[in-house]
Amino acid sequence: QERTYIMVKPDGVQRSLVGEIISRFEKRGFKLIALKLVHATPEHLEKHYADLKGKAFFPGLIKYMASGPVVAMVWQGLDAVKTGRVMLGATNPLASNPGTIRGDYALAVGRNICHGSDAVESAEKEIALWFPEGVVQYTNSQESWVFEL
Ligand code: GTP
Ligand code: MG
């Protein structure tokens with residue numbers, strides 16, 4: 001099964017949206033296989049957002065992401081990467097549809113409350129970066145009711 005790295009950003013934690021975001025992924029049918037609350041260092045966040053280095057907003061992005069704890073998670077299930085991105089909504093909340101996390105709770109691109117991996121390869125890199133200790137393997141008896149195994 002596919003895995004994606006989902007993170008509640010510092011504004012999402014401060015705005016008490018952690019439970020709401022977890023709940024959406026649970027209800028959609030994904031399986032939680034790793035979770036922790038971390039106050040990341042700028043160095044760690046620069047690795048996470050390495051492909052954006054050089055963008056004008058990069059220093060502000062790192063400052064924002066280092067401004068408080070984040071909730072780092074790995075969710076597993078059918079098409080987890082693509083469906084996760086659909087659930088988050090467009091990067092800029094101006095363009096995010098209602099019903100998506102950003103479309104329901106965010107107004108500004110620089111305060112868009114959640115992160116999701118944009119491809120399977122980036123998910124693998126991000127999971128290794130945030131969970132070098134590995135994820136948790138277990139069986140969930142609901143799985144066969146969510147997709148054809
Ligand atoms: P992530 O899930 O956080 O990776 O967002 P994304 O994949 O939808 O967008 P991208 O990776 O291109 O940008 C990463 C983050 O940088 C965004 O989620 C925003 O928080 C921030 N960002 C992107 N573009 C802008 C911008 O034009 N201005 C500002 N202030 N922030 C931006
Ligand atoms: Mg991105």
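Strand β2 (residues 31-38) and strand β3 run antiparallel and are joined by seven bridges; two strands count as paired if DSSP finds at least two bridges between them. Within this pairing, Leu-35 has Met-73 of β3 as its bridge partner. The strands and helices I mention are DSSP runs, numbered from the N terminus, with at least two residues (E) for a strand and at least four (H or I) for a helix.

Please note that this is a predicted model, in which local features need pLDDT of at least 70 and side-chain atom pairs count only at pLDDT 80 or more, while totals for chains, interfaces and linings use all residues. Residues are numbered from 1 along each chain as its sequence is written, chains are lettered from A and ligands numbered from 1 in the order in which they are written, and side-chain values use heavy atoms, with hydrogens and water left out.

On the other pairing of β3, strand β1 (residues 2-8) is also antiparallel to β3, with seven bridges. There, Arg-3 is partnered with Gln-76 of β3.

How many of the residues of strand β3 are buried? Eight of the eight residues in β3 (residues 70-77) are buried, so the strand is largely enclosed by the rest of the structure. Buried means under 20% relative accessible area, exposed means over 50%, and partly exposed lies in between (1.4 Å probe, protein chains only). Val-70, Ala-72, Val-74 and Gln-76 point one way from β3, and Val-71, Met-73, Trp-75 and Gly-77 the other way.

I turn now to charges. Five salt bridges are found in the whole structure, each defined as a side-chain nitrogen of Lys or Arg within 4 Å of a carboxyl oxygen of Asp or Glu. One of them joins Glu-143 and Lys-31, at 3.1 Å from N to O. Glu-143 belongs to helix α8 (residues 143-146) and Lys-31 to strand β2, so this pair ties together parts that are 112 residues apart in sequence. Both Glu-143 and Lys-31 are buried.

Lys-36 is partly exposed, with a relative accessible area of 24%, whereas Glu-133 is exposed, at 54%.

Finally, Glu-20, Arg-24 and Asp-104 are linked in a network of salt bridges.
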